[in-house]
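Please consult the sequence and the model alongside the text.

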Amino acid sequence: MKILGIETSCDETAAAVVEDGRHALSNVVASQVDLHKQYGGVVPEVAARSHIEVVLPVVHEALEKASVTWDQIDGIAVTQGPGLLGSLLIGNLTARTLALTLKKPLYAVNHVVAHTFANFLIESQPQFPMLSLSVSGKHSDILLFHSPLEYTLLGQTRDDAGGEALDKVAKMMGLPYPGGISLSKAAINGNEHAYELPQAHLGDSYDFSFSGLKTAVLRTLQAEVGGDFRTPSTQIPGLLTQIQINDMSASFARTLYETLVSKLVRAYHEYHPKTVVIAGGVAANQRFRDEVSRQVPLEMNYAPIPFCTDNGAMIGAMGYFLAQAGRTVEPLNLPADPSLPV
Ligand code: KG4
Ligand code: ZN
């Protein structure tokens, strides 16, 4: 069964053809990074306009690269939410129109849940129960999957998402957008133990909180540059040395990954999953992967990086399981939902 997956929830226009939920026959991503760089972050109106321009070429390229024709596509899966409304609407309307005119079944996919399905797109197939730590710019969740479509949300962030915290701390230090990647590069040359930063454990909960950690970074940087708590964060970048930036990047990343992985490990010991996976844009990070491999007492298999950051293949993979379960949606009646919950 071949599913076309379409993803436009934020700043990547993406489409892929996925066979049987596990083979990505193509995976085309048009990134808008260069468009948003000058603004230091994603501008929703600019993102939506760019999706309009490239969504059909991206879909056609996905079919072409997979060497399939429309006749060979068994269904269309699209991100319903969460994400930016203007961005979501472009993928949503494209998928609905294609489904209606080409008479293909349509499947509505939750972007956050779909991130975990990147782990079906590799040789070693996950076994259930499967524990997933999924961390992106919008969410940080620990999910226990009992089967592909049945899961329990064990914990989530109470404030910033893991990727969001990386992006904000990067911005605080004047590192260029996209912050998570810039900070990770700086961290490679830094001392992970240069700064001791606080971890929020929140008792027995599997929830996360990163706002205190972020504030601790700000206070530490203010002290480093000889200012006080009134030093505006916008003044800090120009006052930091490259060594301070590298050291803070490394110390902050270590603290973030240790916090995330410590909860994953605790959940592992409580629920005894057969497979543990990580997902979401932050799962592309090698330091994060190393921390997981070090602490999780199971052999880990990681999805290739293009399946961790936003892509159409994870949407197509989850769409396959929705198709197997007969969970089609009506093309005339599928609202985009910017705050679709897990
Ligand atoms: O899943 P994703 O591509 O988009 C959302 O659904 O949000 O995740 C984006 C997040 C951003 O916060 C970005 O900084 C982070 O993932 N990210 C990374 C890396 N690549 C993307 N963080 C650390 N290291 C990376 N290599
Ligand atoms: Zn995402």
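How do the residues of the shell around ligand 1 divide into nonpolar, polar and charged?

## Basis of the model

This is a predicted model, in which local features need pLDDT of at least 70 and side-chain atom pairs count only at pLDDT 80 or more, while totals for chains, interfaces and linings use all residues. Residues are numbered from 1 along each chain as its sequence is written, chains are lettered from A and ligands numbered from 1 in the order in which they are written, and side-chain values use heavy atoms, with hydrogens and water left out.

## Shell around ligand 1

The shell divides into 4 nonpolar, 10 polar and 4 charged residues. In this division, Ala, Val, Leu, Ile, Met, Phe, Trp, Tyr, Cys and Pro count as nonpolar, Asp, Glu, Lys and Arg as charged, and the others, Gly among them, as polar. Around ligand 1 there are 18 residues, of which His115, Gly137, Lys138, Asp167 and Asn285 come nearest; a residue is near if one of its heavy atoms lies within 4 Å.

Helices H4 (111-116), H5 (162-172) and H6 (179-188) each supply at least two shell residues, and H5 gives the largest share, 4 residues. Helices (H or I, at least four residues) and strands (E, at least two) are DSSP runs, numbered from the N terminus. Ligand 1 lies between domain 1 (2-119 + 307-333) and domain 2 (128-302), because both give residues to its shell; the domain bounds come from an automatic or database domain assignment.

## Polar contacts and burial

Polar contacts are pairs of N or O atoms within 3.5 Å. Oxygen atoms of ligand 1 lie 2.6 Å from a side-chain N or O atom of aspartate 167, 2.8 Å from a polar side-chain atom of lysine 138 and 3.1 Å from a polar side-chain atom of histidine 111. Taken alone, ligand 1 exposes 540 Å², and the protein buries 87% of that (Shrake-Rupley method, 1.4 Å probe).

## Backbone features

Most residues other than glycine have a negative phi, and most peptide bonds are trans. The peptide bond from glycine 81 to proline 82 is cis, with omega near -10°; proline 82 is in the loop between strand E4 (75-81) and helix H3 (85-102). The bond from phenylalanine 128 to proline 129 is also cis, with omega near -5°, and proline 129 lies in the loop between H4 and strand E6 (130-135).

Lysine 103, although not a glycine, has a positive phi of about 55°. Its place is in the loop between H3 and strand E5 (106-110).

Notes: Polar contact = N/O pair within 3.5 Å; in protein donor to acceptor, adjacent residues only side chain to side chain.
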